[in-house]
Amino acid sequence: MTGFPVQPNKAVVGANAFAHEAGIHQDGVIKSRETYEIMRAQDVGWSTNRLVLGKHSGRNAFRTRLKEIGFEFSSEEELNNAFIKFKDLADKKHEIYDEDLQAIVTDHMQSDEEKIKLVSLKVVTETGETPRAELTLSIDGEETPGRSEGDGPVDAVFKAIETLVSSGCELQLFSVNNITGGADSQGEVTVRVNKGGHVINGRGADTDIVAASAKAYLNAINRAYSISSKIHPQV
């Protein structure tokens, strides 16, 4: 009312008074708000309390937030696998946003369906030297290493992938966007390839743009193989 913003760490009425990041606090608030809140956020001007998802968050908070934005897992194993990816991401960036959760779930669902998966990736690039990439792919459960050089780190990765899969895909589009703000944001890469007249999009997300590019390209290749198997099931 006076035009002075209330700093987040102000006692009682600050936003942080109703924000919980520690896993044990989040679990307690989810089960019973009064466990860690002696008053309601609404009584001091906030619409609701807030669960800050980060490296200290637990499985219950992760599951609850995903459910709130419309994602539910069919088994505990699927939840555990997605939670591992969440913790890996939380080690790289301070706060996990809803867009990050959506990217984690989408990436998890895609990886379950893919016959070719990225196991490891190493890229070397320096001034005056040709960038090179070394990677390992899991193809139908069998891990195979590959390497290549390229005009840039992404080109080297794509060529290294092609040395192993020989997909025959022609790259038509490569686009990079940040999912959320900040220098530690995840990058989302979209690629479009043409294989046998079929135009296929692939997407990948990671805090490392080169890794996101590899995931996106593999996603497109897997979709291309899926389409090919439906058209020519005998192959």
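Modeller: Here is that close look, starting from one residue and widening to the chain.

First, the ground rules. This is a predicted model, so local features need pLDDT of at least 70, side-chain atom pairs count only at pLDDT 80 or more, and totals for chains, interfaces and linings use all residues. Residues are numbered from 1 along each chain as its sequence is written, and side-chain values use heavy atoms, with hydrogens and water left out.

Take Val-191. This residue sits in strand E7, residues 187-195. Strands (E, at least two residues) and helices (H or I, at least four) are DSSP runs, numbered from the N terminus. Val-191 is buried, at a relative accessible area of 0%. Buried means under 20%, exposed means over 50%, and partly exposed lies in between, with a 1.4 Å probe and protein chains only.

What does Val-191 touch, leaving aside neighbours within four places in sequence? Its contacts are Phe-158, Leu-171, Leu-173, Phe-174, Ile-200, Asn-201, Gly-202, Ala-216, Tyr-217 and Ala-220. Contact means heavy atoms within 4.5 Å. Leu-218 is 27 residues away from Val-191 along the chain. The C-alpha atoms of the two are separated by 9.7 Å.

Now the sheet around E7. Three strands form an open sheet in the order E6-E7-E8, with antiparallel pairing. Two strands pair if DSSP finds at least two bridges between them. E6 (170-178) and E8 (198-206) are the edges, each with a single partner strand, so one side of each has no neighbour in the sheet. Neighbouring strands here are turned by 15° against each other on average, direction ignored. E7 and E8 run antiparallel and are joined by 9 bridges. Gly-187 stands opposite Asp-206 of E8.

A second open sheet is built from 3 strands in the order E3-E4-E5, again antiparallel. Its edges are E3 (116-124) and E5 (142-149), which pair on one side only. Its twist averages 15° from one strand to the next. E3 is joined to E4 (residues 132-139) by 8 bridges. Axes are lines fitted to C-alpha atoms, for helices over the stretch in contact, and angles run from 0 to 180 degrees between N-to-C directions.

One helix pair is also worth a look. The axes of H2 (residues 59-68) and H3 (residues 76-90) come within 11 Å and cross at roughly 105°. H2 and H3 are therefore roughly perpendicular. That label covers 65 to 115 degrees; under 35 is roughly parallel, over 145 roughly antiparallel, and the rest oblique. H2 brings Arg-59, Phe-62 and Arg-63, while H3 brings Glu-76, Leu-79, Asn-80, Ala-82, Phe-83 and Phe-86.

Last, the whole chain. The protein chain has 6 helices and 8 strands. Of its 235 residues, 35% count as buried. Mean pLDDT, the predictor's confidence per residue from 0 to 100, is 80 for the chain, and 87% of residues reach 70 or more. H5 (residues 153-165) has the highest confidence, at 94, and H4 (residues 98-113) the lowest, at a mean of 68.
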